[in-house]
Amino acid sequence: MTNPPPPPEDDESTPTTGSPPPPPPGNFPPPGNYPPPPGNYPPPPGSYPPPGGSYPPPGNYPPPPGNYPPPGNYPPPPGNYPPPGNYGAPPPGNYPPPPPGNYPPPPPGNYGGQGYYPPPGGYPQQGGYAPSDVYGGRRVDVGAGFGWAWHAFTRNAAALIVPTLVYAIVVGVVYGVVYGLALAVAPDRVSSYDSSDSGVSYTITSDLGVASIVVLLLGGLVTFVVAGAIASAYYAGLLEIADGRPVTIGSFFKPRNVGSVLVASLIIGVLTTIGQFLCFLPGLVVSLFTMFAVVSIVDRNLPPVDGLKASFEMVKSHFGQVLLAWLIIIVTVLVGAVLCGIGLLLAAPLAGLFLVHTYRTLGGGTIAEPVA
């Protein structure tokens with residue numbers, strides 16, 4: 001029988017009583033389930049409550065002091081810019097108007113397209129006429145034109161008849177004075193008196209001298225100026241009726257653009273006179289193509305040459321309709337003249353109203369319902 005080995009001798013390296021034995025040499029713990037040795041070792045992984053102490057447990061606690069915002073969702077810093085992102089329509093509400101500024105106007109044209117709005121409607125163009133380069137208006141309806149002219153006449157009979165009568169008297173007086181002066185300054189006058197079974201005849205013959213010719217020329221110039229002013233004022237009143245404005249007698253004594261009317265009338269008179277010497281027919285052609293010159297000048301405040309061009313273009317673009325209207329106007333005036341001249345008090349306003357209606361119809365201008 002062998003004896004047990006003697007116990008190891010006490011050594012300074014041997015731990016004292018109460019301390020666990022040291023682990024065997026190696027880089028691994030000995031197997032077994034035992035509590036960890038005391039000391040400042042980190043706890044093994046697992047869900048353990050934090051050890052006690054004087055510091056807050058991990059979690060949501062305020063950040064350390066500093067000059068920076070904490071991470072997270074916080075409002076953006078102030079500024080004049082929208083935050084990034086895709087946003088829908090703003091909520092309904094009353095928003096203040098945008099600040100005043102100089103914004104460029106929208107480009108002209110294409111008012112029917114998206115993004116642009118047409119100018120305010122309901123207002124005719126100034127003067128109630130179409131642009132000078134547009135003559136694609138409505139077709140002339142003779143019945144509708146005369147119906148409108150008659151309706152306008154009946155609703156403004158006094159305002160139309162009185163100026164017509166006054167102007168007829170003025171022209172007659174001027175013409176009579178001029179012709180009487182020309183005869184008065186004539187050098188030789190011969191009177192003859194003849195009697196016979198059939199009756200008595202008395203005639204005066206006179207040879208006009210230089211003085212008489214001068215009087216006639218000056219008188220003709222005065223008559224021409226008066227007639228131009230009358231035409232300007234008379235058409236101004238007729239155009240106000242077409243614009244739908246109430247008129248009075250005084251509306252027909254307010255001439256417009258008299259200078260241009262006189263120059264245009266002089267050009268028309270010269271061309272018509274030349275045409276009448278050329279077998280008469282060219283004079284009628286000039287009268288036809290210039291029938292809208294004066295009304296265009298009065299209505300649109302045009303220079304004389306532009307008024308003549310406007311009339312020529314309108315007649316050329318609607319020759320058949322204008323020819324019919326021109327013939328109707330001539331017949332209307334002739335019928336009024338045949339009725340002892342008194343019929344002109346009705347025929348002249350009707351002819352003028354029908355001409356204005358035709359002009360506005362072909363030009364695409366305003367033709368309002370006549371008002372009393």
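V331 is located in helix α8 (residues 319-338), where helices are DSSP runs of H or I with at least four residues, numbered from the N terminus. The model is predicted, so local features require pLDDT of at least 70 and side-chain atom pairs count only at pLDDT 80 or more, whereas totals for chains, interfaces and linings use all residues. Residues are numbered from 1 along each chain as its sequence is written, and side-chain values use heavy atoms, with hydrogens and water left out. With a relative accessibility of 48%, V331 is partly exposed; buried denotes under 20% relative accessible area, exposed over 50%, and partly exposed in between (1.4 Å probe, protein chains only). The C-alpha atoms of V331 and A351 are 9.3 Å apart in space, the two residues being 20 apart in sequence.

Nine aromatic pairs were found in a search of the whole structure. Rings of Phe, Tyr and Trp (its six-membered ring) pair if their centres lie within 6.5 Å; planes under 30 degrees apart count as stacked, over 60 as edge-to-face and the rest as tilted. Y167 and Y234 form an edge-to-face pair, at 6.4 Å centre to centre and 70 degrees between the planes. Because Y167 lies in helix α2 (residues 157-184) and Y234 in helix α3 (residues 210-242), this pair ties together parts 67 residues apart in sequence. Both Y167 and Y234 are buried. Ring pairs also link Y167, Y234, F252 and F253 into a cluster.

The pair of Y175 and Y179 is stacked, because the ring centres are 6.4 Å apart and the planes are at 10 degrees. Y175 is exposed, with a relative accessible area of 56%, while Y179 is partly exposed at 46% relative accessibility.

Terms used
Helix = DSSP H or I, 4+ residues; strand = E, 2+ residues; numbered from the N terminus.
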